[in-house]
Amino acid sequence: MLNEKIARKINPKETSNFSTEADHLDVLSLIPKKQFTLNAIAPYYTMFPIQFPLDKLKIAAPNDWVLDPFCGRGTTIYASRLLGLKSIGIDKDPVAVAITKAKLIKITPEVIIRECEKILSNDENFTDNIPKGEFWDLAFDNDTLAQICKIKESLLNDCKTDARIGLRGIMLGALHGPTGKKIQSYLSNQMPRTYTTKPGSAVRYWIKHNYTPKKINVLDIVDKRARRYYEDVPKKVNSQAYLHDARKIFPKKFNKKFRWIVTSPPYLGMNNYSTNQWLREWFVGGDEKPEYAIKNNLASGSPKKFEKELSNVWRNVSLISDNDAHLVIRFGALPSTPYDFESIIQKSLSYSGSEWQVEKIESAGSSEDGQRQSNQFLSSVKHSMDEIDVYARKVS
Ligand SMILES: C[S@@+](CC[C@H](N)C(=O)[O-])C[C@H]1O[C@@H](n2cnc3c(N)ncnc32)[C@H](O)[C@@H]1O
């Protein structure tokens, strides 16, 4: 196991510090390149680069448990798997949890392809519930949309097996993106892959540029993607992803005494993740149109409310963590936010009532070096963001 190779090079005592000689260990070179592929199975509205959690977790001991209470598309959870570490990811967004789950299975591409074939050839229980309107007419070819809806309905009825979990991850990644000149990789008319365009502007754009949707056989795309993402997956480790609100107390089953928490809460000012990926939300059971109403979101409302709610999360996390657990938080704010986000994150930790002690805070790097989370969605927010990394330890 990879982690054993790393552990052999590190004195276990060193693992209690954030900065050790092991920081210079070239973990990435020990992981077969092909095994990184599955991490890219589907984009998510915000995500940090996998190098970030890998770099923090490379000094973890082989039996340490890892937690990400805002796991998004499961970058920390997949990094843990690559290092052979057990982990739990939590997110309140069903798309996030679906993508994370797709990164935890061990399966061959053929099993996923066969499952897709089986669903498409079975008409028995299909209710033919296909969304209608100008957006849907232009977003997908009619036959392609019918196939997408059939798979969607079948997966909503049952998504328990690894084959179905893998198929759902593949569909979420293939749902929309740029059209190719000759070869198609996505199912939609011309669209960005990271975020879903709002219906009105998508329709205006397609009409203005005379873009019509191509007829795409969903099985061909699933076949290609299953072979790309599931050809060489890392060894399975004990990992789970749960749909849960991190502000609420964690159920007993999370009581793992986590030693590492590597996470990134919603950025200040980012009120609604689901609006920006509403087509993927639709695929996992959401509305046929974006939901604009901000419903009880962590990052909405005043900075005071944000600090308080975030402090609840750190308190909950503390309850299920080891006495000397490490907490690493990547955090930032939208450029339009006038508040001091560094002080907000510090206050959230000090108000948490648990013993999280901040050891250092550093810049997350320049926007040129690819380390920032905001790089992933700059095209939709147009400006660079400030991001910091906060390192804290639990002291008791
Ligand atoms: C900055 S993103 C994390 C991205 C992640 N690091 C990745 O690489 O994909 C923040 C995540 O927090 C989730 N979130 C927001 N409020 C939450 C809550 N109260 N409980 C759990 N997750 C929440 C959002 O759905 C979003 O996926």
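## Overall make-up

Of the chain's 396 residues, 47% count as buried (20 or more other C-beta atoms within 10 Å of the residue's own, with C-beta atoms placed from the backbone; 12 or fewer is exposed, in between is partly exposed). This is a predicted model: local features need pLDDT of at least 70, side-chain atom pairs count only at pLDDT 80 or more, and totals for chains, interfaces and linings use all residues. Residues are numbered from 1 along each chain as its sequence is written.

The secondary structure comes to 15 helices and 7 strands. These are DSSP runs numbered from the N terminus: helices are H or I with at least four residues, strands are E with at least two. Among chain contacts between residues at least 6 apart in sequence, 79% join residues at least 24 apart. A contact puts two C-beta atoms, placed from the backbone, within 7 Å.

## The sheet

An open sheet is formed by 7 strands, in the order S3-S2-S1-S4-S5-S7-S6, with mixed pairing. Two strands pair if DSSP finds at least two bridges between them. Strand S3 (239-243) and strand S6 (356-363) stand at the edges; each has a single partner strand, so one side of each lacks a neighbour in the sheet. Neighbouring strands are turned by 15 degrees against each other on average, direction ignored.

Strand S5 (residues 321-333) pairs with strand S7 (residues 386-394) in the antiparallel sense, over 8 bridges. Ile 329 has Val 390 in S7 as its bridge partner.

## Helices across the sheet

Helix H5 (residues 94-102) lies across strand S2 (86-91) and S3, running at about 165 degrees to S3. Helix H14 (residues 341-350) lies across S5, S6 and S7, at about 155 degrees to S5. Axes are lines fitted to C-alpha atoms, for helices over the stretch in contact; angles run from 0 to 180 degrees between N-to-C directions.

## Ala 42

Ala 42 is found in the loop between helix H2 (27-30) and helix H3 (51-57). Ala 42 is buried, because 27 other C-beta atoms lie within 10 Å. Not counting residues up to four places away in sequence, Ala 42 touches Arg 73, Ile 99, Gly 169, Leu 172 and Gly 173.

## Ligand shell

There are 21 residues around the ligand; Met 47, Phe 70, Gly 72, Thr 75 and Ala 246 come nearest. A residue is near a molecule if its C-beta atom, placed from the backbone, lies within 6 Å of it. The shell divides into 11 nonpolar, 4 polar and 6 charged residues. Ala, Val, Leu, Ile, Met, Phe, Trp, Tyr, Cys and Pro count as nonpolar; Asp, Glu, Lys and Arg as charged; the others, Gly among them, as polar.
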